[in-house]
Amino acid sequence: MIVLDDIIIKEKEKANYVALGSFDGLHLGHLSLVKKAVEVAREKNGNSMVFTYKNHPRALINPEKAPKLIMDLYSKLEILENEFIDIVALREFTKPFMSMSPEEFVKMLCDDYNVRGIIVGFNFKFGYKNIGDVSLLEKLKDKYKYELYVMKPYKYKNDVISSTRIRNSIIEGNVLEATKMLSKPYSIKGEVVHGKKLGRTIGFPTANLSFNSKMIIPKIGVYYTNIIWNKKKYKAITSVGNNPTVNGQQLTIETYILDFKEEIYGQEIEVAFIERIRDEKKFESLDALVEQLKKDKEFASVSKIFI
């Protein structure tokens, strides 16, 4: 897979068939566009392409109201490569892009990226103030010589899957619901850093995660998670919260990894949230906390590795 980072295509021997969108989280609706781009490109002997932005448009328009991320850029690229996309065109969403008229945007795609096929969702909006839509794409296709493919809404439980819906599920702690709409369980990557090391004194040593504050944080509570480290997967219990039993003040993500004895300070792990076990609770004593952790561990022990 070729990644074009703020550059255009110079070699234009093959036509490109592009899926358009912000692809925030690459949920099943997004993937229907991606798969269609691959299918059409193969039929036409061209290249499949995804055109998207490195930053969320709302981060430029109104930074204070920019949505939290569902998926980091590296994870998106990894999924797109697994879907056999040939080219990913990444652009920084800037003020010139924001002021571009819908027709200028279409012309840019066809001229700079040799696009001969456009794949979009049924509710796709684009161009200045989002005034461009599917009907305009239909009107412009003869002028700019491209084929248009409009995908139907992708639904889960009779409602359209959207990034907003997934984001709300994660915030509410319903990570199982989010997984049903995403292509994989919601996960957070980060470096393992030193914490208070209280866990190891009670038989439950935890990996304290330094995470990207731009990512969504699931609702405070205890989760069954899967950990990916060194290309291996492990069962785990992850606490998202403030450690009220020991009067913690700062929000932390701490993970007890089952059957794991490696020293991983300074290394990156991925925490995939599979199922919410319970609310965070302030226990009367450390002994009471240990008893609950034993129950949490049993829950994780009999659960399946999801990913």
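Mentor: Tyr53 stands opposite Arg91 in strand β4. Strands (E, at least two residues) and helices (H or I, at least four residues) are DSSP runs, numbered from the N terminus. This is a predicted model, in which local features need pLDDT of at least 70, side-chain atom pairs count only at pLDDT 80 or more, and totals for chains, interfaces and linings use all residues. Residues are numbered from 1 along each chain as its sequence is written, and side-chain values use heavy atoms, with hydrogens and water left out.

Trainee: In which sense do β3 and β4 pair?

Mentor: Two strands pair if DSSP finds at least two bridges between them. β3 and β4 are parallel, with five bridges. Strand β1 (residues 2-5) also runs parallel to β4, joined by four bridges, and here Ile2 stands opposite Ile87.

Trainee: Which residues of β4 lie on each side?

Mentor: In a regular strand, side chains alternate between the two faces of the sheet. In β4, one side has Ile87, Ala89 and Arg91, the other has Val88 and Leu90, and all are buried. Buried means under 20% relative accessible area, exposed means over 50%, and partly exposed lies in between (1.4 Å probe, protein chains only). Five of the five residues of β4 (residues 87-91) are buried.

Trainee: Is Ser48 buried or exposed?

Mentor: Ser48 sits in strand β3 (residues 47-53). Ser48 counts as buried because its relative accessible area is 1%. Contact means heavy atoms within 4.5 Å. Setting aside neighbours within four places in sequence, the contacts of Ser48 include Tyr17, Ala37, Phe84 and Ile87.

Trainee: In what order do the strands of the barrel run?

Mentor: Six strands close into the barrel in the order β9-β10-β13-β12-β11-β14, with antiparallel pairing. From one strand to the next, the twist averages 45 degrees. Axes are lines fitted to C-alpha atoms, for helices over the stretch in contact, and angles run from 0 to 180 degrees between N-to-C directions. Helix α10 (residues 286-302) packs on the sheet and touches β11, β12, β13 and β14; the direction of α10 makes about 145 degrees with that of β12. Five bridges join β9 (residues 187-193) to β14 (residues 268-278), in the antiparallel sense. Within that pair, Ile188 stands opposite Val271.

Trainee: Where is Lys145, and what is its phi?

Mentor: Most residues other than glycine have a negative phi. Lys145, in the loop between α6 (134-144) and β6 (147-151), has a positive phi, near 60 degrees. Lys145 is exposed because its relative accessible area is 62%. Asp259 has a positive phi too, near 50 degrees, and lies in the loop between β13 and β14. At 77% relative accessibility, Asp259 also counts as exposed.

Trainee: How many helices and strands does the protein chain have, and how much of the chain is buried?

Mentor: The chain has 10 helices and 14 strands. Of its 307 residues, 48% are buried. Its C-alpha atoms fill a box of roughly 75 × 40 × 35 Å along the principal axes. Among contacts with a separation of 6 or more, 73% are between residues 24 or more positions apart.
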